[in-house]
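Me: I would like to go through a structure with you. Could we take it step by step?

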Amino acid sequence: MTDVTADPRDPRPLIGEPLALDLLNTRWAGTPVNDLLTGVEEYRVWLSSNGLTDRCTADEAGLEAIRQAREAIALAAQDARDKGELSPAAREGLDAVLAHGRIRRTAGPDGAEDRLETDLPHWLAPWLAADDFLTLLGQGAHRVKQCAHEACILHFFDASQNGRRRWCRMAVCGNRAKAARHYVKARG
């Protein structure tokens with residue numbers, strides 16, 4: 001989870017997951033599915049909730065780039081969940097986003113310094129999200145999860161010791177599932 005305080009305008013039910021999963025969570029259950037990234041102002045809210053407003057500008061180019069990153073991460077998350085590894089299409093999608101930036105190592109006064117460079121400024125947030133997803137995979141693809149509630153599409157990183165977390169939020173989705181099971185049992 002991040003230490004950033006969410007923007008009060010952010011309507012999403014789950015905020016504060018690692019950057020890549022927080023990007024996936026810009027879509028949440030509803031009819032039709034809710035989508036935070038419908039316009040530049042909404043993109044600005046997402047940047048604010050993730051502490052990126054000082055580093056990234058919300059504009060049309062950035063909105064299109066972040067949507068591309070979200071699609072790439074969504075495919076990669078599904079592969080990680082279903083197969084435990086990334087398909088060539090998922091790797092290609094992530095690589096397409098990551099191709100817009102690099103980490104440049106320089107000699108600083110106290111030793112090595114890493115600086116992120118992107119070919120265009122609007123690729124910074126998408127690059128950070130794609131890079132974050134690879135970091136999460138390095139901690140264990142099995143810990144990148146989608147909520148087990150059938151009506152929920154939110155993602156989370158399972159940091160529990162035993163890796164058995166099932167719900168995005170126990171207080172909401174977990175309790176709904178428990179109540180549904182109780183109702184079925186009670187009806188016999």
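Predicted model: local features only at pLDDT ≥ 70, side-chain atom pairs only at ≥ 80, totals over all residues.

Me: How many helices and strands does the protein chain have?

Reply: The protein chain has six helices and six strands. Along the sequence they follow the pattern α-β-β-α-α-α-β-β-α-β-β-α.

Me: What share of the residues is buried?

Reply: Of the 188 residues in the protein chain, 43% count as buried. The accessible surface of the chain is about 10400 Å², and 50% of that belongs to carbon and sulfur atoms.

Me: And what part of the contacts joins residues 24 or more positions apart?

Reply: Taking the contacts with a separation of 6 or more, 49% are between residues 24 or more positions apart.

Me: Now the core. Which residues have the most contacts inside the largest one?

Reply: They are Tyr43, Trp46 and Phe133, in a nonpolar core of 50 residues. Two or more residues of this core come from each of α1, α2, α3 (60–83), α4 (88–98), α5 (124–139) and β6 (155–157). In soluble globular proteins, nonpolar side chains tend to be buried together.

Me: How many aromatic pairs does a search of the whole structure find?

Reply: The search finds one aromatic pair. The ring centres of Tyr43 and Trp46 are 6.3 Å apart and the planes are at 15°, so the pair is stacked. For stacking, the planes must be under 30 degrees apart.

Me: Where do Tyr43 and Trp46 lie in the chain?

Reply: Both belong to helix α2 (residues 40–49), where they are three residues apart and thus separated by about one helical turn.

Me: Are they buried or exposed?

Reply: Tyr43 is buried, and Trp46 is buried as well.

Me: What does Trp46 touch, beyond residues up to four places away in sequence?

Reply: Trp46 touches Arg12, Leu19, Asp22, Leu23, Thr26, Leu36, Leu37, Leu52, Ile66 and Ala125.

Me: And which residues does Gly62 touch, on the same terms?

Reply: Gly62 touches Tyr43 and His122, again not counting residues up to four places away in sequence. Gly62 is found in helix α3 and is buried, with a relative accessible area of 0%. From C-alpha to C-alpha, Gly62 and Pro121 are 8.2 Å apart in space, although 59 residues apart in sequence.

Me: Changing topic: where does Asp7 lie, and is it buried or exposed?

Reply: Asp7 lies in the segment before α1 (19–24). Its relative accessible area is 7%, so Asp7 counts as buried.

Me: What lies 2.7 Å from a polar atom of its side chain?

Reply: That is the backbone nitrogen of Arg9. Leaving aside neighbours within four places in sequence, Asp7 is also in contact with Val45, Ser48 and Ser49.

Me: What about Pro8: buried or exposed?

Reply: Pro8 counts as exposed, at 81% relative accessibility. Pro8 is also found in the segment before α1. Pro8 and Ser48 are 40 residues apart in sequence, and their C-alpha atoms are 9.4 Å apart in space.

Me: Which residues does a cis peptide bond join?

Reply: A cis peptide bond joins Thr31 and Pro32, with omega at about -5°. Pro32 lies in the loop between β1 (27–28) and β2 (34–35).

Me: On to the cysteines. How many disulfides does the structure hold?

Reply: The structure holds zero disulfides. Cys168 is in no disulfide, and the nearest cysteine sulfur, that of Cys173, is 3.7 Å away.

Me: Are Cys168 and Cys173 buried or exposed?

Reply: Cys168 counts as buried at 4% relative accessibility. Cys173 is buried too, with a relative accessible area of 3%.

Me: Last one: where is Gly84 found?

Reply: Gly84 is found in the loop between α3 and α4, and it counts as partly exposed at 48% relative accessibility. Leaving aside neighbours within four places in sequence, Gly84 is in contact with Asp79 and Ala141. Gly84 and His142 are 58 residues apart in sequence and 6.7 Å apart in space, C-alpha to C-alpha.

Conventions. Residues numbered from 1 in each chain as written. Heavy atoms only, no water. Phe/Tyr/Trp six-rings, centres within 6.5 Å; stacked < 30°, edge-to-face > 60°. Helix = DSSP H or I, 4+ residues; strand = E, 2+ residues; numbered from the N terminus. Buried < 20%, exposed > 50% of the residue type's maximum accessible area, 1.4 Å probe, protein only. Polar contact = N/O pair within 3.5 Å; in protein donor to acceptor, adjacent residues only side chain to side chain. Contact = heavy atoms within 4.5 Å. Core = buried A, V, L, I, M, F, W, Y, C linked by side-chain atoms within 4.5 Å. Disulfide = S-S within 2.5 Å. Areas by Shrake-Rupley, 256 points an atom, 1.4 Å probe, with all protein chains shown as cover.
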